[in-house]
Protein chains: 2
Amino acid sequence: MIGRLNHVAIAVRDLDRATALYRDVLGATVSAPLAQPDHGVTVVFVTLPNTKIELLQPLGEASPIARFLDKNPDGGLHHVCYEVDDILAARDRLKAGGARILGDAEPRIGAHGKPVLFLHPKDFSGTLIELEQA
Amino acid sequence: MIGRLNHVAIAVRDLDRATALYRDVLGATVSAPLAQPDHGVTVVFVTLPNTKIELLQPLGEASPIARFLDKNPDGGLHHVCYEVDDILAARDRLKAGGARILGDAEPRIGAHGKPVLFLHPKDFSGTLIELEQA
């Protein structure tokens, strides 16, 4: 069912510093920061040959990564995003397998303009998984 | 400098359960478990079209992921591995940029039989980064 690893998301406290590290020290191609107020984050995309890394900094007062950064003051690996062909079929298979979907289990339009769901980390070895319709 | 994302490593407490979830619920292709006593882990490889996920369970008494699982009882995202063409050139560039290499900064032969280094999470937004010579 799951296809490509769309991205790995890393929550950071200081986006400028994290971006400079990826650009100047790791020598990667990085985008300009993109504010996504609907998603409560500012994002920098790190383009790798086979996938991308998303550096996320909280934006606004109800950022979904604020609590993570409270628990992990240095930042850290926040979630992985796998692509699926059909998000509703994926959801139904997950529910049938006993996995919990976060929220009301209705796909939302995610940061890339495509339908997404998030799966409960307790059901996946402590890992927050995003599914995105490819 | 960094190239492909070679893998994302997820530390798990119960490898059989995590493997079943990836195989049966997420519908991914998974390998048989591979004991790597020299690295203190048993690994299951999850093959995705563009990269792989490694599910790691502690093996032996001095597993490098034991402390992580003490802090994260459910398991969780442990590290990302980026490929580099020349591990010694990468190390020197990192040191010049002020990033700390774990251990004595001499590449070791990693779990895939290739030279690897690990970078200090404090220097990379709380993320443990492995570099592997491609």
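This is a chat about a predicted model and some of its residues.

Colleague: Before we start, how are residues, chains and ligands labelled here?

Modeller: Residues count from 1 along each chain as its sequence is written, while chains are lettered from A and ligands numbered from 1 in the order in which they are written. This is a predicted model, where local features need pLDDT of at least 70 and side-chain atom pairs count only at pLDDT 80 or more, while totals for chains, interfaces and linings use all residues, and side-chain values use heavy atoms, with hydrogens and water left out.

Colleague: Okay, how many helices and strands are in chain A?

Modeller: Chain A has 3 helices and 9 strands. Those are DSSP runs numbered from the N terminus (helices are H or I with at least four residues, strands are E with at least two). Starting at the N terminus, the order is β-α-β-β-β-β-α-β-α-β-β-β.

Colleague: And what's the radius of gyration of chain A?

Modeller: It's 15 Å, close to the 14 Å that the globule rule gives for 134 residues, so chain A is as compact as a globular protein of that length. The radius is taken over C-alpha atoms, and the rule is 2.2 Å times the number of residues to the power 0.38. Along its principal axes, the C-alpha trace of chain A spans about 45 × 30 × 25 Å.

Colleague: What share of chain A is buried?

Modeller: Buried residues are 49% of the 134. Buried means under 20% relative accessible area, exposed means over 50%, and partly exposed is in between (1.4 Å probe, protein chains only).

Colleague: Let's zoom in. Which residues of helix H1 in chain A are buried?

Modeller: In H1, residues 15-25, they are A:Leu15, A:Ala18, A:Thr19, A:Leu21, A:Tyr22 and A:Val25. Here's a handy bit of background. An α-helix has 3.6 residues a turn, so residues three or four places apart point the same way.

Colleague: What goes on at the two ends of H1(A)?

Modeller: At the start, a side-chain oxygen of A:Asp14 reaches to within 3.2 Å of the backbone nitrogen of A:Asp16. After the helix comes A:Gly27, with a positive phi near 65°.

Colleague: New topic: is A:Ala90 buried or exposed?

Modeller: A:Ala90 is buried, with a relative accessible area of 1%. A:Ala90 sits in helix H3 (residues 87-96) of chain A. Skipping neighbours within four places in sequence, A:Ala90 is in contact (heavy atoms within 4.5 Å) with A:Met1, A:Val84 and A:Leu131.

Colleague: How far is A:Ala90 from A:Ile2?

Modeller: They're 88 residues apart in sequence, but 8.5 Å apart in space, C-alpha to C-alpha.

Colleague: Over to chain B. Where is B:His7?

Modeller: B:His7 is in strand E1 (residues 5-11) of chain B, and counts as buried at 1% relative accessibility. The side chains of B:His7 and B:Glu54 make a polar contact of 3.4 Å. A polar contact is a pair of N or O atoms within 3.5 Å; within protein, one must be able to donate a hydrogen and the other to accept it, and residues adjacent in sequence count only if both atoms are side-chain atoms.

Colleague: Last one: where does B:Glu106 lie?

Modeller: B:Glu106 is in the loop between helix H3 (87-96) and strand E7 (108-109) of chain B. B:Glu106 is partly exposed, at 42% relative accessible area.

Colleague: Which side chain does B:Glu106 make a polar contact with?

Modeller: That's B:Arg91, at 3.1 Å. The C-alpha atoms of B:Glu106 and B:Arg91 are separated by 8.7 Å, and the residues are 15 apart along the chain.
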